[in-house]
Amino acid sequence: GRGNIAFSSKKDRAPKKAEVGGAGQRFRLELELKSLADIGLIGFPNAGKSSLLAAISEARPKIASYPFTTLRPHLGVIALDNYDTFTMADIPGLIE
């Protein structure tokens, strides 16, 4: 059908009308999930998430002694002994 927008007016902004639609299409879709990080650090404010990320990676998030210092996620890449790497994200503190 044409959808609700075709039936809307100034008086009836959300009409409850419907039409029979046409035949649909069938197709195959392959999606790929991309991950921001392998590990995410979440927790309460001032729990040491940024300090841990700074200690084990080259990331340098802002570290201060007051809550909610981290306002946006920070990413750090951690290198292991066998030349493998993984990504860790410092997520802003959870609010109670």
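Reply: Helix α1 (residues 49-56) contributes the most to the lining of the largest pocket, supplying 3 residues. The space in this pocket amounts to about 210 Å³. Its lining comprises 19 residues, of which N46, A47, S50, T69 and T70 are the closest to the centre. The model is a predicted one.

The sheet is the next topic. Its 3 strands form an open sheet with mixed pairing, in the order β1-β3-β2. Because β1 (39-41) and β2 are at the edges and each has a single partner strand, one side of each lacks a neighbour in the sheet. On average, neighbouring strands are turned by 25° against each other, direction ignored. Helix α1 packs on this sheet and touches β1, β2 and β3, and its direction makes about 155° with that of β3.

The two pairings can be taken in turn. β1 and β3 pair in the parallel sense over 3 bridges, and G40 has A89 in β3 as its bridge partner. β2 (residues 74-79) and β3 (residues 85-90) pair in the antiparallel sense over 6 bridges, with A79 opposite T85 in β3. The hairpin of β2 and β3 has 5 residues between the strands, and Y83 in this hairpin takes a positive phi near 70°.

Terms used. Residues numbered from 1 in each chain as written. Predicted model: local features only at pLDDT ≥ 70, side-chain atom pairs only at ≥ 80, totals over all residues. Heavy atoms only, no water. Buried < 20%, exposed > 50% of the residue type's maximum accessible area, 1.4 Å probe, protein only. Helix = DSSP H or I, 4+ residues; strand = E, 2+ residues; numbered from the N terminus. Pairing = 2+ DSSP bridges. 1 Å grid on protein atoms, 1.4 Å probe; cavity = no way out; pocket = protein on both sides within 12 Å on 5 of 7 lines; lining within 4 Å. Points joined across faces, edges and corners; volume = space filled by probe spheres on them. Axes fitted to C-alpha atoms, helices over the stretch in contact; angles between N-to-C directions. Contact = heavy atoms within 4.5 Å.
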